[in-house]
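The following paragraphs lead the reader through a single protein model. Please keep the sequence and the structure in view while reading.

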Amino acid sequence: MKILSILWVAFLTGCVGIPENVKPVDNFKLEKYLGKWYEIARLDHSFERGLTHVTAEYSLRGDGGVRVVNRGYSAKEAKWEDVEGKAYFVEGSDQGFLKVSFWGPFYGAYIVFGLDHAHYQYSLVCGPDKSYLWILARNPQIKEDLKEILIEKAAASGFETSQLIFVKHD
């Protein structure tokens, strides 16, 4: 039983860990991050597979956390899909390191490791390991040179950027 408890704790803390060569941004301002973001690119996962027009919307919760609503269109199902979750800072509220949950007591890391600090117009986000990566922006498209800079930053941090899926928003 003790080994099972240790494994469970290791599993839970592993889900909110920070991958190697990734550093959450400092001087993070949640109030500037709130609002709607468009998914520009992502690494593939079953929970988003086949979705286009993907957005994430962040707002404050009454308990001090962040309400997260992810939405995307499934052409296969011919319908919009959305899921609501909640997020909380793992360390200080000035660091882009949160834990997010869409399913009960299970949390995963949400790490902002690239950010337009001046205007909060784009961000690079990852999860607890290198299989989770998103490029987000305030607009459905970004300039090609900016996209390349963000992809290069992600690649330099060890992400498999050749596997990125570029999300349609037309």
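Ring pairs join Phe28, Tyr33, Trp37, Tyr58, Phe89, Tyr110 and Tyr120 into a cluster. Rings of Phe, Tyr and Trp (its six-membered ring) are paired here if their centres lie within 6.5 Å; planes under 30 degrees apart count as stacked, over 60 as edge-to-face and the rest as tilted. The structure holds 12 aromatic pairs. One of them is formed by Tyr58 and Tyr110, an edge-to-face pair with 5.9 Å from centre to centre and 70° between the planes. Tyr58 belongs to strand E2 (residues 51–60) and Tyr110 to strand E6, so this pair ties together parts that are 52 residues apart in sequence. Helices (H or I, at least four residues) and strands (E, at least two) are DSSP runs, numbered from the N terminus. Tyr58 and Tyr110 are both buried; buried means under 20% relative accessible area, exposed over 50%, and partly exposed in between (1.4 Å probe, protein chains only).

The model is predicted: local features need a pLDDT of at least 70, side-chain atom pairs count only at pLDDT 80 or more, and totals for chains, interfaces and linings use all residues. Residues are numbered from 1 along each chain as its sequence is written, and side-chain values use heavy atoms, with hydrogens and water left out. The pLDDT is the predictor's confidence in each residue, from 0 to 100. The chain averages a pLDDT of 92, and 92% of the residues score at least 70. Over residues 1–14, however, the pLDDT is below 50, and this stretch has three contacts in the model beyond near neighbours in sequence; contact means heavy atoms within 4.5 Å. Where pLDDT is low, the predicted coordinates should not be read in detail.

Two further rings are each paired with a charge. A charge sits over a ring if NZ of Lys or CZ of Arg is within 6 Å of the ring centre and within 35 degrees of the ring normal. The charged end of Arg71 is placed over the ring of Trp80, 4.3 Å from its centre. Lys130 lies over the face of Phe159, at 5.5 Å from the ring centre.

Cys126 is buried, with a relative accessible area of 0%. Val100 lies in strand E5 (residues 97–103) and is buried, with a relative accessible area of 12%. Val100 and Ala87 are 13 residues apart in sequence and 4.1 Å apart in space, C-alpha to C-alpha.

The next element is helix H3. At 1.5 Å a residue, the 13 residues of H3 (residues 144–156) should span 18 Å, and its end C-alpha atoms are 18 Å apart, which agrees; the expected span is 1.5 Å times one less than the number of residues. Which residues of H3 are buried? They are Lys147, Leu150, Ile151 and Ala154. These residues cover an arc of only 100° around the axis, which puts them on the same side of H3; the arc is that of the directions from the helix axis to the C-beta atoms. What covers the buried residues of H3 includes strand E6 (106–115), strand E7 (122–126), strand E8 (133–137) and strand E9 (165–166). Lys147 counts as buried at 15% relative accessibility, and this lysine touches Ile142 and Phe166, not counting residues up to four places away in sequence. The face of H3 turned away from the buried side carries the exposed residues Asp145, Ile149, Glu152 and Ala156. After H3 comes Gly158, whose phi is positive, near 100°.

Most residues other than glycine have a negative phi. Asn27 has a positive phi of about 55° although it is not a glycine. Asn27 lies in the loop between helix H1 (2–15) and helix H2 (30–33) and counts as exposed at 52% relative accessibility. His53 likewise has a positive phi of about 55° without being a glycine; His53 lies in strand E2 and counts as partly exposed, at 22% relative accessibility.
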